[in-house]
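Work through the exercises below with the sequence and the model side by side. Try each task before reading its solution.

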Amino acid sequence: MKLYKTSKGIYLQDNQSVYQLNYGWDELVNRDGLHDFLKKALQIAIKVTGSDWQSHLLPPIESQEVWAAGVTYLQSRDARVEESQSSGGSDLYKRVYDAERPEIFFKATASRVVGNDQDISIRKDSTWNVPEPELTVFANSNGDIQGYTIGNDMSSRSIEGENALYLPQAKTYDKSAAIGPCLTVLPEPISKETVISIVIKRNNEAVYSDSTPLSRMKRELTELVGFLFRELTFPNGVFLMTGTCLVPPNDFTLIPGDVVEIAIDGIGTLTNTVAHNK
Ligand code: DO4
Ligand code: MG
């Protein structure tokens, strides 16, 4: 089942049928057993005809914060080791990949997050910018994963590569995070065979594309969420981006006008156009 947040309300898609739900986002999603609750809710919900609601999509978030895990795939570790070479190299990334404790960092408040078909931003003081396609989990206030969405952890590789202590500037700025198009709620944990893929288009032509199954991730999703909740509470639940495996070649940087399409089986496609903030 897929939950869509729109400016006209919340819509639930179950197979080919769509229903409108009369709830606020926070009270709807932050519960145990969200999948079973939605199954029951659609029995008394009003069925919607037509697709007008699809042109009013918002990011599937309200009061939640967005956090992110890093260096959860070998490809991310190796890319970061390389990008730090210009500043003398760093063994931080190898150490965190092997350590029991994962890298987890604060990514964005909801006001800095964009949804499907909205612009994402690259920093004007950065020379090397990439998207980071990431499975993003929604955990409720009890720390239990209730749903999945697609995330883009936009990153400045030049700023992070200059000094790892600049990570918050490389990662967090207006429109640096995209999530959407929906929150997918499954009866079981998402399969590790699920594929995440990316295509970056410039002037309508693909300039980079790649894909990977989630099984390449070194850590469990529940392990990452467990660390996030160790000494933090999230009264409305929280989104956690789970790290990237799809890293464009080192000579690639995003430019304004590029279109980034990230797809995950069973969730959909998150499409954003790159722009500079005003
Ligand atoms: O270590 C810096 C950030 C890592 C990250 O965002 C990722 O691996 O996806
Ligand atoms: Mg990332």
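**Exercise 1. Locate N272, decide whether it is buried or exposed, and find which backbone oxygens its side chain reaches.**

Step 1. N272 sits in strand β18, residues 268-275. Strands (E, at least two residues) and helices (H or I, at least four) are DSSP runs, numbered from the N terminus.

Step 2. The relative accessibility of N272 is 1%, so N272 counts as buried. The classes are buried (under 20% relative accessible area), exposed (over 50%) and partly exposed (in between), with a 1.4 Å probe and protein chains only.

Step 3. The side chain of N272 reaches the backbone oxygen of G115 at 2.9 Å. It also reaches the backbone oxygen of Q118, at 2.8 Å. The rule for a polar contact is a pair of N or O atoms within 3.5 Å; within protein, one must be able to donate a hydrogen and the other to accept it, and residues adjacent in sequence count only if both atoms are side-chain atoms.

A note on the model: it is predicted, so local features need pLDDT of at least 70 and side-chain atom pairs count only at pLDDT 80 or more, while totals for chains, interfaces and linings use all residues. Residues are numbered from 1 along each chain as its sequence is written, chains are lettered from A and ligands numbered from 1 in the order in which they are written, and side-chain values use heavy atoms, with hydrogens and water left out.

**Exercise 2. Describe the largest pocket: its volume, its lining and its place between domains.**

Step 1. The largest pocket holds about 470 Å³ of space. A pocket is found on a 1 Å grid over the protein atoms alone: it is an open set of points where a 1.4 Å probe fits, with protein on both sides within 12 Å along at least five of seven lines, and lining residues have an atom within 4 Å of a point. Grid points are joined across faces, edges and corners, and the volume is the space filled by probe spheres set on the points.

Step 2. The lining of the largest pocket has 27 residues, and I145, Y148, P189, I190 and L221 are the closest to its centre.

Step 3. Helix α7 gives the most, with four residues.

Step 4. Sort the lining by type: twelve residues are nonpolar, eight polar and seven charged. Here Ala, Val, Leu, Ile, Met, Phe, Trp, Tyr, Cys and Pro count as nonpolar, Asp, Glu, Lys and Arg as charged, and the others, Gly among them, as polar.

Step 5. Domain 1 (2-56) and domain 2 (65-275) both give residues to the lining, so the largest pocket lies between them. The domain bounds come from an automatic or database domain assignment.

**Exercise 3. Now take the second largest pocket: what lines it?**

Step 1. About 210 Å³ of space lies in this pocket.

Step 2. Its lining consists of L92, Y93, R95, V96, E103, E160, A164, L165 and L167.

Step 3. Helix α4 (residues 92-98) gives the most, with four residues.

Step 4. By type, six lining residues are nonpolar, none is polar and three are charged.
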